[in-house]
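Dear colleague,

Please find below the structure that I am handing over to you, with its sequence. My findings follow it.

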Amino acid sequence: MNASEAASPAGQGDDLPAVAPQLRALRRRAGLTLEAAAGSAGLSPAHLSRLETGHRQPSLPMLLALARIYGTTVSDLLGETAADRDAIVRAADMEPTRAAGWTYFQAGAPGRGMQALRVRVPYRAQGDIVRVHPGEEWLYVLSGRLRLRLGDGAHLLAPGDSAHFDSLTPHRLNADDPGGVELLFVHTLLQSPTATLCLGHPTGEPS
C-alpha cells in the first residue's frame with residue numbers, strides 16, 4: 001500500500017456513511033475499469049476493490065478524488081440530499097478533536113470540497129513537522145502570534161494577518177507566544193494521504 005491509500009478499516013470510519021454500494025456503480029457509470037479508476041486516484045486496484053466491497057472506509061480526500069474522477073460530488077457519493085447539508089454550524093455543535101497537541105473545531109459542513117476549521121496550536125507543539133500535500137490552504141490568525149515557515153521563507157503573523165498558499169509548498173506552523181495561537185483555517189486536501197483532520201500529522205501518517 002502506498003501512502004495515498006491510508007484509510008480506516010471498515011467499521012472505524014463512523015463519521016462517514018457506508019459508500020461501498022455507490023462506488024462500483026459510479027465507476028461503471030463513468031465507463032472506467034478498476035485499474036483505470038484506481039490509477040487516476042493514486043490507489044492500487046486491490047485497494048479500490050476493498051473500498052468497493054466495504055472492507056475499507058475511504059478518507060475524505062480519497063472521496064474527493066473519486067468524486068472528481070467519476071464526475072460527481074462527495075455529497076452525491078455519500079447519498080446526501082440538499083436537506084442533509086445544513087449551511088449553518090452553531091458554536092455549541094463544534095465538538096473539539098485533538099491530534100498531536102492541536103485542537104480542531106469543525107467550522108464548516110462535512111463532505112465539502114473545502115473544509116473550514118478553527119484550530120488551537122499550543123506553544124512548542126509539532127515544532128519539527130513539515131507538511132507537504134496537494135491542495136490549497138488559507139489561514140487567519142485570531143489570537144496569538146504564528147510563526148509560519150513557507151518554503152525557504154519565515155514569517156511572523158500577528159492577529160488579523162492571513163496567509164494563502166499552495167499546500168505542495170513545504171510549510172510548518174508554530175505558536176510564537178507561550179499562550180499559543182488560534183487560527184481560522186480553510187483547506188482543500190485533494191488526494192492527500194491524510195484523513196479529515198490531518199493537519200496535525202506529517203505526510204504519510206494516519207490521523
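**Sheets and strand pairing**

Three strands form an open sheet in the order β8-β7-β10, with antiparallel pairing. Here strands, like helices, are DSSP runs numbered from the N terminus (strands E, at least two residues; helices H or I, at least four), and two strands pair if DSSP finds at least two bridges between them. The edge strands, β8 (153–157) and β10 (171–175), each pair on one side only. From one strand to the next, the twist averages 15°, taken between N-to-C directions of axes fitted as lines to C-alpha atoms, on a scale from 0 to 180 degrees.

Please note that this is a predicted model, in which local features need pLDDT of at least 70 and side-chain atom pairs count only at pLDDT 80 or more, while totals for chains, interfaces and linings use all residues. Residues are numbered from 1 along each chain as its sequence is written, and side-chain values use heavy atoms, with hydrogens and water left out.

Strand β9 (residues 162–166) has Ala 163 and Phe 165 on its covered face, whereas Ser 162, His 164 and Asp 166 are on the uncovered one.

**The loop between β5 and β6**

Arg 124 is found in this loop and has a positive phi of about 65° although it is not a glycine. Most residues other than glycine have a negative phi. Arg 124 counts as exposed, at 70% relative accessibility (exposed is over 50%, buried under 20% and partly exposed in between, with a 1.4 Å probe and protein chains only).

Val 130 lies in the loop between β5 (115–121) and β6 as well; its relative accessible area of 39% makes it partly exposed. Together with Val 132 and Leu 168, Val 130 forms a nonpolar patch on the surface, with about 220 Å² of accessible area in total.

**The chain as a whole**

The protein chain has five helices and eleven strands. Of its 207 residues, 44% count as buried. Among contacts (heavy atoms within 4.5 Å) with a separation of 6 or more, 66% are between residues 24 or more positions apart.

Yours sincerely

Conventions. Patches are made of residues with over 30% relative accessible area and no salt bridge: like charges are joined within 9 Å, nonpolar side chains (Val, Leu, Ile, Met, Phe, Trp, Tyr) within 5 Å. Accessible areas come from the Shrake-Rupley method with a 1.4 Å probe; for residues, only the protein chains shown count as cover. A salt bridge is a side-chain nitrogen of Lys or Arg within 4 Å of a carboxyl oxygen of Asp or Glu.
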